[in-house]
Amino acid sequence: MPRFSVIVPAYQVQAYLPECLESVLGQDWTDLELIAVDDGSPDGCGEIIREAARRDGRVRPVHLPANTGLGPARNAGIARARGDYLLFLDGDDTLTPGALSAVAARLAATGDPDVLVHDYARTTWSGTAARNQYAHLLARRGPEVFRLADRPELLRLLMVVWNKAYRRDFVRRQGLTFPPGYYEDTPWTFPALATAESIAVLDRVCVHYRQRRRGSILRTTGRGHFDVFDQYDRVFAFLDARPELARWRPLMARRMTDHLTAVYTAPGRLPRDARAEFFRRAAAHCRRYRCDGPAGDAPRRLGVRVRHGLVRLGWHRAFRLLAGAQRLRRATARQGGRLLRQGRQAALGLHYRVQRRLPVRPDHAVFAAHWHREYAADPAAIEAKLRELRPGMRTAWVAAPGYGDTVPPGVRRLRPGTAAYWTALARSKYLVNNVDFDPRLVKRPGQVLVQTHRGTPLKHMGLDLQERPAAARDTDFARLLRGVDRWDYSLSANRHATLTWERVYPAGYTTLEYGRPRTDRFQHATAQDVLRIRAELGIPPDATALLYAPTHRDYRRSRRPALDPRRLLRELGPGFVVLMRPHFATLAGPPYAADVPQEPPGDGVIDVSGHPCVEDLCLASDALITDYSSLMCDYVNLDRPVVLLADDWEAYRAARGIYVDLFRHPPGPVARSEDELIEIFASPAWRGPRSAALRATFRSLFCPYDDGHAAERVVRRVFLGDEGAPPTVPLDERRPAPPPERARRLAVPHPAPGPTTAHASHVAMEIPDRLETDRT
């Protein structure tokens, strides 16, 4: 008896069915059966199911002689199911990676409830994804297990079958079956929720609900949409048969009215000559099942009450006039909002021009990073050192809404696009950023702009992206160069970075080859700092913490990580935790929550995607797993193991371009697949002498000036006029050894043995001083 029976009906979805089946069979939770029902499909669905059954014994094919519809096809799957729980998936949708593991963990934690409700995301043909707008209803609050009466707001979720897991014996005991026709989910979902003695929720996207351009039932014009009336007749017949559920009648009547009006107003569903008939039947249904409930259950918005009243009265023309008026009001509001925004922008532009005529303030500095995200990276390190060395300087940080709480006390917070923001850009003498400022910025005489960049360039940047359309996308290179012309200083961590920046961003700036200011923290952190950060993150004291921080993939629409952290932890056994840190470009935008699988808490996986300080994450970890991220160039300063997962090396190199051959010059072991990565961590080699020697050589190439004083050098050169700037002493000329080794010995639970001088020298001789570059 498997834990899960996943039932997939298929009819004319041959283009999507292979991906659907693979999303189930490729789950890391393998205790399942996949019941694939060929619903008399005239295309290749039947053969696709037969081929899947030949490849994988967990597939149980069902071939119906004729098309019966979604409901009867699901019933055929239920009749053959043997699992503890039933899950349903349409043939053009997919499970997200790790979904079944998350469902299994939640079921175990809540004592196997009758129904588990999880989340979904809508994905479009263009590759965008958006999480369910009512996802907040799945947040944990109150009892872990409850009945529908305790949380009736769950009925606001989409009334579909595939966003829930159902205990099979509960389904059998209640006699739940699917009716024929369209909207077959409605007479299943409500009875299931209303009769369940125990319900639990899982705040995680488990299903990607595909919004097809064509072929979807909901986008098909026809009289099949009249089936919605029969489905609600079944719902109210169910309520009439169970007097104890009478309390739900008023709510279901309103839900029905909302649903019927949604079908009526949806473009393209009803034939034009059938719209009046549909409205008459809707009015009859609303009158038949009308039931006034408690005042608290009544619709609160006046527009909703009026719309419901017009439907019950059967006033078709008045309803159409109201719907037209509402469309006009929304269009007018959009146009008015657009005019207001344009007026506001014009006023801000005038304000900015006025401010540029006023004197520049020599004691004001503006900092920003990562397109107005959190207080972080090199600009943050420079800002902190500036306040220390020049207390009279007034500093401000540009932070978008949601990131203001990361700005430390004593630093003014600026919201981008406000009058205060444009005043600061117009009148502050110093401007520091690791990306470009607003292209409307006009750099005035006397202003100083410092570009810190976002790390050592391992992948192609700047003008080199002209040869990489997948990475460049719609980059305006002329505008890019206009922004570069505003730079006064370009910060560089090493000679490779200097030569690259000056070639791909050609302009008249001065290069400051001073090291990475953000790595100063690594040199000054104590063992107590490390233990405190680990405790804040919830890392057990005796655990080995692996920080997984992949870079962004320009050539992929999907943002899913290459590494399955749960599989890695299962293979490594107890004693390890994984800190999941997606790239900030991957996190940007609404699709993140839908497209990047969120790992449920516990089981050794810690989601640190929202942590404001990646340097703290580096200090808290015992090893770094990455791919082509420049974070490796900073992390080696800690003298802790680095392992690369280069599973798509050829594709990434072709799409983005690579300056440094990481197979010839790696900071540690390199895996070409997840299996190889597991093999590396299963042996002691990942933290052995060879790994340490590679790391030492890599550090000598890319971190020659990271001595804990990079930010001070920048501040003294740019802000203080070279007053006592510490010299830049290359790593191989420094004595004694830098502090991170001491901090590592004190803080890391499983320290890697240090390299011997002879072994390190031998490896260094194998790697030439001049880096190989890839111009392919």
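A residue is buried when its relative accessible area is under 20%, exposed when it is over 50%, and partly exposed in between (1.4 Å probe, protein chains only). In this chain of 776 residues, 55% are buried. The model is predicted: local features need pLDDT of at least 70, side-chain atom pairs count only at pLDDT 80 or more, and totals for chains, interfaces and linings use all residues. Residues are numbered from 1 along each chain as its sequence is written, and side-chain values use heavy atoms, without hydrogens and water.

**The whole chain**
- The chain has 29 helices and 22 strands. These are DSSP runs, numbered from the N terminus: helices are H or I with at least four residues, strands are E with at least two.
- Contact means heavy atoms within 4.5 Å. Of the contacts between residues at least 6 apart in sequence, 75% join residues at least 24 apart.

**Tyr-166**
- Tyr-166 lies in strand β8, which covers residues 164-167.
- Tyr-166 counts as buried because its relative accessible area is 0%.
- Leaving aside neighbours within four places in sequence, Tyr-166 is in contact with residues including Asp-84, Phe-88, Val-115 and Trp-188.
- Asp-84 and Tyr-166 are 82 residues apart in sequence, yet their C-alpha atoms are 8.5 Å apart in space.

**Arg-317**
- Arg-317 sits in helix α11, residues 316-356.
- Arg-317 counts as exposed because its relative accessibility is 71%.
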